[in-house]
Amino acid sequence: MARITVDLTHLPEMTNPKFYPLFENQDRYLVLVGGGGSGKSVFAAQKVVRRTIEEKGHRFLVVRKVAKTLRESAFAEVRAIISDWGLMKLFNINKSDLHITCKNGNEILFAGLDDVEKLKSIFKVTNVWIEEASELEISDYRQLDIRLRGQSKWYKQMIFSFNPIYKGHWLEGEFVNIDWTAKRDNCTVNHSTYKNNKFLDPAQTEVLESFKESDPYYYSVYCLGEWGVLGKTVFDAQVVTKRISQLRDKKPLKQGFFIYKYENEKIVDESIQWVEDSGGYIKIFEDVQKGYPYVIGGDTAGEGSDNFTGQVLNNVTAIQAAVLKHQFDEDLYSKQMYCLGKYYNNALEGIETNYSTYPVKELERLGYNRQYTREHVDTFTGALKKSYGFRTDKLTRPLVLANLVQLVREHPGLFNDIETLEEMLTFVRNEKGKPEAQSGKTDDLIIGLAIAHHIRTQQIFHIEAQVEDNDEDDEEPKGGTWYD
Ligand SMILES: Nc1ncnc2c1ncn2[C@@H]1O[C@H](COP(=O)(O)OP(=O)(O)O)[C@@H](O)[C@H]1O
Ligand SMILES: [Mg+2]
């Protein structure tokens with residue numbers, strides 16, 4: 001049979017730029033996630049039609065959870081592309097069976113997952129498009145994944161199109177990182193919103209934007225294209241989601257960790273060096289500024305979590321300057337916190353002591369001289385005692401958290417780390433009313449941050465005038481030697 005040739009010279013103009021490069025994408029999992037009206041479904045349909053006409057030997061399966069929803073959605077979209085591209089003559093479209101055949105022998109089949117009999121009769125599938133994939137259970141997806149095995153001439157791909165209906169959905173767990181990159185090999189994640197769709201009708205844009213006032217959940221999911229939050233969170237989910245969305249295109253100023261010389265059981269201060277590393281466990285959003293005071297709050301690994309965290313605040317502005325998070329052992333954590341503190345002008349450090357006092361003691365042993373001190377009654381002698389480190393208990397935990405909750409609501413611009421903000425979206429009240437991370441989620445970044453804000457009163461709030469290091473005489477420094 002003659003090869004089909006179709007004029008697709010205008011394809012770039014007929015496709016949204018956010019999606020166009022994905023025509024060439026050959027990863028097994030192509031994840032199209034985002035807000036409403038961003039062009040996900042139209043692109044998926046375009047890719048299916050294009051491959052159907054250009055690659056002989058295909059049997060596409062287009063699925064949704066419920067069969068009766070297919071006709072008006074995916075089927076209508078595929079049909080519209082065939083028609084828009086002037087290809088009607090090449091296809092046979094059976095509307096009653098939702099079955100499309102191409103003159104080259106390729107087929108596009110549509111089935112709902114509730115269509116058990118129909119699904120059974122469909123074999124040798126070479127590609128799958130799952131429309132509104134968030135409707136599926138993870139077990140549905142796994143079965144489709146198994147069906148898409150075996151040899152074929154062309155690359156096999158599963159396309160998923162869906163809205164991020166709630167944080168913690170299995171699609172997030174399986175494929176999607178916090179920054180909308182892919183969680184695994186052989187997978188591409190493409191995040192889009194209505195802003196990426198140049199074809200969208202202005203009336204639709206208006207509807208999406210109007211959710212801002214009327215429905216915060218819809219606004220997050222369908223306008224901003226951010227994971228929705230179900231249930232009651234301790235932090236204001238709408239404010240947090242909006243801040244996350246503002247931070248999406250921003251990368252940290254620096255990312256990496258510290259290296260240092262270790263001699264005679266001490267860190268050699270002059271040897272401390274920042275190493276840039278794109279996977280590094282310290283993210284810097286605002287670099288150290290001369291004369292500025294900083295505080296660092298830290299949370300240590302304990303019940304239900306293996307993470308150690310550090311949150312650096314500029315104590316003049318209260319802006320989140322840097323974040324450390326890693327599953328260290330205590331020893332390495334203490335040393336990185338030492339370096340981080342030195343780097344940020346000898347910052348005041350307040351580390352949680354509930355699960356372990358090791359980091360606090362280790363900092364002391366290393367000669368770190370700026371630690372938060374708490375007063376408490378010595379249970380043995382009854383005397384008032386001062387100790388290093390922060391203790392979270394029935395009184396202090398609600399206090400530091402309430403303060404942070406208010407700050408987030410009133411000054412979201414102080415917060416720069418998406419990962420910290422994401423923790424806030426899964427930080428909920430349990431049945432007993434105690435705020436804590438949802439099961440499977442962590443709160444170490446939140447606790448570290450709450451401590452950092454709390455200990456600010458033990459640090460100065462003003463920029464310190466500094467004398468040049470080489471200023472050896474005792475005279476009052478002149479104007480030029482001061483920093484402002
Ligand atoms: N490539 C395109 N060409 C023409 N119109 C498009 C294109 N992509 C999107 N559209 C228009 O934008 C609307 C929304 O796109 P759609 O793919 O349904 O969004 P989503 O699936 O992301 O919600 C479509 O109904 C269509 O009118
Ligand atoms: Mg769609």
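**Close-up views of a predicted model**

Helix α10 (residues 330-343) is largely enclosed by the rest of the structure, because 10 of its 14 residues are buried. Here a residue is buried if 20 or more other C-beta atoms lie within 10 Å of its own, exposed if 12 or fewer, and partly exposed in between, with C-beta atoms placed from the backbone. Helices (H or I, at least four residues) and strands (E, at least two) are DSSP runs, numbered from the N terminus. This is a predicted model, in which local features need pLDDT of at least 70, side-chain atom pairs count only at pLDDT 80 or more, and totals for chains, interfaces and linings use all residues. Residues are numbered from 1 along each chain as its sequence is written, while chains are lettered from A and ligands numbered from 1 in the order in which they are written.

**View 1. Helix α10, end to end.** The buried residues of α10 are Y333, S334, K335, Q336, M337, Y338, C339, L340, G341 and Y343. From first C-alpha to last, α10 reaches 20 Å, close to the 20 Å expected at 1.5 Å a residue (the expected span is 1.5 Å times one less than the number of residues). Just after the helix, N345 takes a positive phi of about 50°.

View 2. Strands pair if DSSP finds at least two bridges between them. β15 runs antiparallel to β14 (residues 294-299), with six bridges, and I296 has V312 as its bridge partner. Six bridges also join β15 to β16 (residues 320-326), again antiparallel, and there G310 is partnered by L324. Five residues sit between the strands of the β15 and β16 hairpin, where A318 takes a positive phi near 70°.

**View 3. I296 and the largest nonpolar core.** A nonpolar core is a set of buried Ala, Val, Leu, Ile, Met, Phe, Trp, Tyr and Cys residues joined through C-beta atoms within 7 Å. The largest one has 58 residues, and Y294, I296, V312 and L340 make the most contacts inside it. Helix α14 (residues 444-454) supplies the largest share of this core, seven residues. Apart from it lies another core, of 46 residues, including L30, F110, V128 and L171. Leaving aside neighbours within four places in sequence, I296 is in contact (C-beta atoms, placed from the backbone, within 7 Å) with residues including M337, Y344, E349 and A452.

**View 4. V408 in helix α12.** V408 belongs to α12 (residues 396-410) and is buried, with 22 other C-beta atoms within 10 Å. Beyond its neighbours within four places in sequence, V408 is in contact with F235, D236, V239, V240, F415 and M424.

**View 5. The shell around ligand 1.** 14 residues surround ligand 1, with G39, K40, S41, V42 and F199 the closest; a residue is near a molecule if its C-beta atom, placed from the backbone, lies within 6 Å of it. Helix α2 (residues 40-54) gives the most to this shell, three residues.

Terms used: Two residues are in contact if their C-beta atoms, placed from the backbone, lie within 7 Å.
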